[in-house]
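Have the viewer open while you go through it.

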Amino acid sequence: MQPFELPDFYLPYPARLNPHLEPTRVHSRAWARDMGMLDETRDPGTPDIWDEAELDAHDYPLLCAYTHPDCDGPELDLITDWYVWVFYFDDHFLEVFKKPQDHTGARSYLDRLPLFMSLEPPEATNAVERGLADLWARTVPSRSDAWRERFAVSTDNLLRESLWELRNISDGRVPNPVEYIEMRRKVGGAPWSADLVEHAAGVEIPERVVATRPLRVLKDTFSDGVHLRNDIFSYQRETEREGEINNCVLVMERFLDVAPQTAADTVNDLLTSRLRQFENTTLTELPQLFEEASLDPSERAAVAAYVKGLQDWQSGGHEWHESSSRYMNKRSLGMSAARLPAIVKSARLSVPHVPHQKVGPTPLPDFDVPYRARVNPHRARAGRNCIEWAGLMGMFSPHPRLPVPIWNPDKLRGCALEICAASISPDLSADALDLATQWLAVGTYGDDYFPAVYNRDRDMAGAKLFNARVPGLLPLDLGDTPAPENAFEKGLADLWRRTAAPMDDRGRREFRASVEHMVESWVWELNNHLQGRVPDPVDYVEMRRHTFGSEMTMALSRIEHSAAIPAEVFRTRTLRELDVSAMDVACLMNDVFSYQKEIEYEGELNNGLLAVQHFFDCGRDEALPIVNDLITSRRRQFEHLVANDLPALCDDLALDGRARTALDAYVEEIRDWMAGILKWHRESDRYDERAVPARDLRPTGLGTSAVRAFLTQAARG
C-alpha cells in the first residue's frame, strides 16, 4: 500500500520519446554485462546488485530516451550508459557501504574514483571503476578543458557527498529543509545531469557566463526540480526498503510535523515553485545577460539549446518515473478531481503581491541563540567616529533625486551600528572596531540608498550601472579609482584602501567578491519589485545571505585567520555549511524584526517571513513559527557541524595544532556574530516602526502544532 497519493504535478512541457530507444536498450544491457554490473558477470566478492530482469525493469534507456529526445543513436547510447553507471553506483554504495555503515571503506572507495576520470586511468578493480574509465574515455575528447573540469567537479560531488548521506543515516539525523536542498544538489546528481545535457545537445555554455546568477539559477532550479520529483516517487522505496532518511518528503514530514500526504503535497508545491523560478529566470534574466555579456548569435543559440534540453529532461524524467518499476507510481481512479485544491494552490504561487498591507506589530518569538553577547570596550568611541566618518563621506548630504537626505546624524545614531560591531567583534582593537563599524555603515547606507534612488523610480538601467561601477572602486592593486559619484561610492573606496592594504591577493579577491555579491543582490531585489513578485523561498534564502551583507562581514573574519588556516579548509563543505547556517540564523531573525517596517511602511516583498506566508498561503502568525523553527534548526545544524564534522575534517586534512586552534577561534567568532546580531536587533531603533511594547516581546505560544493543524486542514481542501 502506498503511503500517500501522488500529487498533481506541474507539467508545462510535453514529454517526447527518442526514436532510437530500442537499439539503446540492447546496447545498454550488453554494456552493463561487459562492465560486470549484472549478477552473472559481477566481480568476486561483490554482492548481488542487479540481475538482467531488474535492469530491464528499471528501464534506464527509457529514461534517457525521454530526457534526451533529439540526440542521435550513438549519443543516446553514451548518455544511457552514464545513467546505468550512476544508478549502479547508487545501489552498489547502498549495499556495500550504507547498510553496514562502513565509513572507512566508503572513504577509501571514493578516494580512488577520481583517478578514473582520466584518459590514462589505473587498473579497475570493480564495476564502478571500470564503467567510469570507459565512459570518461568516450565522453571528454570532444569537449573543451573548461567543460571537462566542470563535469569532473560535478561527478566528484555526486560521488563524494554520498558520505554526507551515510553520516546522516549513521546518526539517525534527518536534515533541515535548507541543508537538504543544498546538499541534495550535489549528491543527487542533477548538476551532473545538466552538464550531460550540454553534451547531448552538442553545445557548451560560454565560459564567461557559466558562473553568472542566471546560469547558476537555471542549473539549481533544474536540479531541485529533478530531485524533489524523485523524492516524491521514491519515498516508499527509500523509507521502507532502504532505511534512507535523506528524502525531502521525510524532511518536511519531520520539520513541519505533518502526515506523509501533507508533506508530499508541500514538496510538490516547492517543486512547482522551483520550476516557475526556472521559467522566470529564463524569461526575465537571460535576455539581460545576453546583452550585458555581449554573447554572439551562436553563443545565444547554445544557451537556448541548453535551456530546451533542461526542459526536456524535466518532462521526460517525470514520464519515466510514472512507468519505472523502481518507484511507486500507482494512482487511484478519480484522484485528479480530488486533488483540485492542490492545482489551485500551485497556480496561486504566481499571484502578484499587494504591497503596504497593514500587518501591525510582530510578536517576537524566543530565538534559539543561546550564546552570551560580549561587548567591545571601545564601542562608544566607534559610534562617535562612525558618525563623523559618515558625514565626511557625504551620507548626510542631499541627493539630487530625493526630496530629503537619506540619512542624518540622528538616524545613524539610532541605528547603533557600533552595538552590532562591538558585539560581533568584542575583542577588536579600537582602530579595528572603528573600521568594522564603518563597514557596517556603508553596507547599511547602501541598503537604504539603493531602493530610495532606484526602486523608487523603477530604474533598472541606473541600478545596473551602479552595480557595474563597484569593481572599479575595489582595485586589487590598490591603484587609482574612478571619482565617486555618491556617498556610497566614496565610503566604499575609502574603506577599501584602509582594509585591503594589509591583505594578500587571495584575501583581497575574496573580500571584493563578497562586496560585489552584496550590491548585485540589491539588483535582484529590484527585479522582484519590478515584477511585483514575492521570491521563491529557496532563491530567497540563498540570495538573502548576500543582501544582508553577512557574506561580507564573515569574509573579514576568514581573512583574519588565513595565515593559520589553509585556504583549502575554507573551500570544504564543512566550512561552507558552518558559514551559511549561521548566516541564515541572522538573516531570518532580521526578517522577523523588520517585518512590519518592511511590509507595512516600505512596501517590501523581499522578506523571509513573507516568502513563507506566500508559499504556504497562510497568515503571518502561521508563518512565524515555521521561520523560527528554521532559525532553530539552522543554529543547531551549526553546532552539529562543530561537534561532528569539524573534528573529522581536521583529521582528514591532518591539520596541525595551530590550524585547529585557529578554527576553534573562528567558530567562537561565528557564535559571537550570531549573538551580536540578536543583541543589535533588540537595542537598535532601526525597526521602530514595529512599535512593539516591551510587554509584547515574549514567546508567541505558536509552535509546530499550529502549523500542523493549518497544513492538515489545507490538505483537506
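Q101 sits in the loop between helix 4 and helix 5 (helices are DSSP runs of H or I with at least four residues, strands are E runs of at least two, both numbered from the N terminus). Phi of Q101 is near 55°, a positive value in a residue other than glycine. Most residues other than glycine have a negative phi. This is a predicted model, where local features need pLDDT of at least 70, side-chain atom pairs count only at pLDDT 80 or more, and totals for chains, interfaces and linings use all residues. Residues are numbered from 1 along each chain as its sequence is written, and side-chain values use heavy atoms, with hydrogens and water left out.

**Confidence**

- The chain has a mean pLDDT of 89, with 93% of its residues at 70 or more (pLDDT is the predictor's confidence in each residue, from 0 to 100).
- Residues 333-344 have pLDDT below 50, and beyond near neighbours in sequence this stretch has 9 contacts in the model (contact means heavy atoms within 4.5 Å).
- Over residues 690-717 pLDDT also stays under 50, and here the model has 47 contacts beyond four places in sequence.
- Where pLDDT is low, the predicted coordinates should not be read in detail.

**Loops and positive phi**

- Back to Q101: at 38% relative accessibility, it counts as partly exposed (buried means under 20% relative accessible area, exposed over 50%, partly exposed in between, with a 1.4 Å probe and protein chains only).
- A654 isn't a glycine either, yet has a positive phi of about 50°.
- You'll find A654 in the loop between helix 31 (620-652) and helix 32 (657-683), and with a relative accessible area of 61% A654 is exposed.
- G172, which follows helix 8, has a positive phi too, near 65°.

**Helix 8, mostly covered**

- Of the 10 residues in helix 8 (residues 162-171), 7 are buried.
- The buried ones are S162, L163, W164, E165, L166, N168 and I169.
- They pack against helix 4 (73-98), helix 5 (103-112), helix 7 (145-160), helix 9 (177-188) and helix 28 (573-593).

- N280 lies in helix 13 (residues 260-284) and is buried, at 12% relative accessible area.
- Leaving aside neighbours within four places in sequence, N280 is in contact with E285, Q531 and R533.
- K597 belongs to helix 29 (residues 595-601) and is buried, with a relative accessible area of 12%.
- K597 and V359 are 238 residues apart in sequence, but 9.4 Å apart in space, C-alpha to C-alpha.

**Helix pairs**

- *Helices 22 and 23.* Helix 22 (residues 460-473) packs on helix 23 (residues 487-500) at an angle of about 25°, axes 10 Å apart (axes are lines fitted to C-alpha atoms, for helices over the stretch in contact, and angles run from 0 to 180 degrees between N-to-C directions).
- That angle makes helix 22 roughly parallel to helix 23 (under 35 degrees counts as roughly parallel, over 145 as roughly antiparallel, 65 to 115 as roughly perpendicular, and the rest as oblique).
- Helix 22 brings F466, R469, V470 and L473 to the contact, and helix 23 brings F488, E489, L492, A493 and W496.
- Those residues divide into 7 nonpolar, no polar and 2 charged (Ala, Val, Leu, Ile, Met, Phe, Trp, Tyr, Cys and Pro count as nonpolar, Asp, Glu, Lys and Arg as charged, and the others, Gly among them, as polar).
- *Helices 9 and 25.* The axes of helix 9 and helix 25 (residues 537-547) come within 11 Å and cross at roughly 90°, so the two are roughly perpendicular.
- V178, I181, E182 and R185 of helix 9 meet V538, V541, E542 and R545 of helix 25, giving 4 nonpolar, no polar and 4 charged residues.
- *Helices 11 and 15.* Helix 11 (residues 213-241) and helix 15 (residues 297-323) pack at about 5°, with axes 10 Å apart, so they are roughly parallel.
- Their contact includes L215, F222 and F233 of helix 11, and Y306, W313 and H321 of helix 15.
- By class, the contact of helix 11 with helix 15 has 9 nonpolar, 6 polar and 3 charged residues.
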